[in-house]
Amino acid sequence: MRAVVQRVKRAQVDVNNQTVGKIEKGFLVLLGVMDGDTEKEAEILAGKTARLRIFEDENEKMNLSLADVGGGVLAVSQFTLCADLKKGNRPSFTPSAPPAEANRLYEYYMRCLKNEGVSLVEHGVFGADMQVSLVNDGPVTIILDTDIWKNSKF
């Protein structure tokens, strides 16, 4: 799984001019599910997301997590994060998981976030044409890829 995590002051996702998900302070997470990803990757990624300490403390050091600041997560599925550009300039999306499996793991990731103590988890609509807006805070953007943890004991 791949995730782009952006620290935001606010973010929302609209589908057909209707707001379907919205948060104030927290993370906008763009999530790509790769072919071969499992629930284990979703669990690891949700744990990393929930415990990610990128909010500033009283000394202006990135030291606080979502729980520390009462932040939420707006999770948006984004299969284009799985793009393969090894050949040419037109992306191939064959590394992405099949849609049904990607949606299942996207939903599971969000349940795992709640299990990790994230009190507010909002989301987009899987497979829809979405308009995402945000006010990036910092800006602070972190890229997480579960491939780096595949062979380690977690």
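This is a predicted model: local features need pLDDT of at least 70, side-chain atom pairs count only at pLDDT 80 or more; totals for chains, interfaces and linings use all residues.
Local features need pLDDT of at least 70 and side-chain atom pairs count only at pLDDT 80 or more, while totals for chains, interfaces and linings use all residues. Residues are numbered from 1 along each chain as its sequence is written, and side-chain values use heavy atoms, with hydrogens and water left out.

**View 1. Elements of the chain.** The protein chain holds three helices and eight strands, taken as DSSP runs (helices H or I, at least four residues; strands E, at least two) numbered from the N terminus. Their order from the N terminus is β-β-β-α-β-β-α-β-α-β-β. Of the 154 residues, 44% are buried (buried is under 20% relative accessible area, exposed over 50%, partly exposed in between; 1.4 Å probe, protein chains only).

**View 2. Phenylalanine 27 and phenylalanine 55.** The chain has three aromatic pairs, where rings of Phe, Tyr and Trp (its six-membered ring) pair if their centres lie within 6.5 Å; planes under 30 degrees apart count as stacked, over 60 as edge-to-face and the rest as tilted. The ring centres of phenylalanine 27 and phenylalanine 55 are 5.3 Å apart and the planes are at 10°, so this pair is stacked. Phenylalanine 27 belongs to strand S3 (residues 26-32) and phenylalanine 55 to strand S4 (residues 55-56), 28 residues apart. Phenylalanine 27 is buried at a relative accessible area of 0%, and phenylalanine 55 is buried at 2%.

**View 3. Tyrosine 106 and phenylalanine 126.** These rings have centres 6.1 Å apart and planes at 40°, so the pair is tilted. Tyrosine 106 lies in helix H3 (residues 99-115), and phenylalanine 126 in the loop between strand S7 (121-123) and strand S8 (131-145). Tyrosine 106 is buried, with a relative accessible area of 1%, whereas phenylalanine 126 is partly exposed, with 31%.
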